[in-house]
Amino acid sequence: MLTNKLYGCSIRLPFLHIRHRTNIARDNKNRKLSNENKTIHDRHLANITVTSFHSQTAIEQLALKPSTRLSPLTMMYIGKTQDNGHLLRSAQYLHKDLPIRFAHRINDFQNLPFVVACNPLLLELHERFIKTFHTLHSFPQINTLEQEKIYTQLLQNTFNSSNDTLSLLAEGFREAKRHIKQEMLVRSFLDRALTSRLAIKMLIEHHIELRKDKPNYIGAICMSFSPKELIESSTRYVQKLCRSTYGMTPNVKIDGHVDSSFPYIITPLSYIVPEMLKNAFRATIEHHKNSNNDLPNVNVTIAVNDDELLLRIRDHGEGMSKSILEKMFNYHFSSNNTLNDSSMISDTDFDDYSYDQFIIRNHNRISGYGFGVPTSRAYCEYLNGSLVYETNLGIGTDVYIRLGLLTSEKRIVRL
């Protein structure tokens, strides 16, 4: 049941059905479902009917419990064992903790203003989270490696089904924006939703990768991560994007601690760095595209110490006015007013920087919805860091990305 707690009343919205991504469900989506007989055909929910989702006692109970935020340093120390006991321990941790994390997200949906929560896209996400919660929560205790193998397949399915979460959140809140009076309500909800998704993604990815014998990796942790290599691959991606949009692209000059390497989980930076580069590239091109001179470089400086990684991305664009800078971290704010401008395309899963993959995923784009900067800020802060803009109107902008190192004793990172 969906309760509007913010307005001091107990309006309740029953979930009429759980949407299925099958042809049968699409053909019958307008048909009223039988509350007594409709069964969800899921391998681990064979005996759970849709009416079971009206009773959310388990969700309410787990939503009151804190999740156990795991330190990547602990994940590294556990490593791998010859008897695969590490897989069993990892699965047992996720089996206990993931339902709590999903219960928190469901509780957040239930506390949205009623008119916002009724948005079809947000309602779809809410229902999906409920289905995922019951799927994970109903899985039996994991005591054997055979059970762990089945559970890992379930995690893989969960991982694959969440690729459009960001696009649904962005579009859903964009449609509901006119009903929202409190900007901080949106920011707080989205910060929690997006950082929670990032953490769940990294934890599941880590467990899945533990099954693979990949050199230089422990699960999803790259033991000798090179910031320079990530910047170079991100640059190639954004340059192809710019050429397709503007027919031109600036070059990137990398300096600082270019030979540095250290243990890190690449996932968050593979979102943040391309997003910041896209903004720097667009500012550079739009300010200099009518000039007879070559486009100035975008400069990226790498600085690493015992506790943090710092990346400074400097462009020589026009800079930003104070009024724009004050809105940079607001969700749905964009200095680009053209929704179809592909230079603003965002995707939380930069698993492949190839142009072909960009074209394939183009239908999931968030063009000009203003999610890149606030999402990157939320990721940085979740990982015990920060995202700071310094700009000089008429000269350009510097972006400072700070992230705590996994081995730091002062900037401890927990997922």
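Predicted model: local features only at pLDDT ≥ 70, side-chain atom pairs only at ≥ 80, totals over all residues.
Residues are numbered from 1 along each chain as its sequence is written, and side-chain values use heavy atoms, with hydrogens and water left out.

**View 1. Asp 108 and Arg 192 form a salt bridge.** The N to O distance is 2.8 Å, where a salt bridge is a side-chain nitrogen of Lys or Arg within 4 Å of a carboxyl oxygen of Asp or Glu; by this rule the count comes to 17 salt bridges. Asp 108 belongs to helix H4 (residues 85-110) and Arg 192 to helix H9 (residues 183-210), so the pair ties together parts 84 residues apart in sequence. Helices (H or I, at least four residues) and strands (E, at least two) are DSSP runs, numbered from the N terminus. Asp 108 is buried at 12% relative accessible area, whereas Arg 192, at 35%, is partly exposed; buried means under 20%, exposed over 50%, and partly exposed in between (1.4 Å probe, protein chains only).

**View 2. Glu 308 and Arg 411 form a salt bridge.** Their N to O distance is 3.0 Å, and the pair ties together parts 103 residues apart in sequence, since Glu 308 lies in strand E8 (residues 308-315) and Arg 411 in the segment after strand E10 (396-404). Glu 308 is buried, at 9%, and Arg 411 is partly exposed, at 25%.

**View 3. Arg 187, Asp 191, Arg 377 and Glu 381 are linked in a network of salt bridges.** Within helix H14 (residues 372-382), Glu 381 and Arg 377 are four residues apart, about one helical turn, and their side chains meet at 3.3 Å, N to O. Arg 377 is buried, at 3%, while Glu 381 is partly exposed, at 45%.
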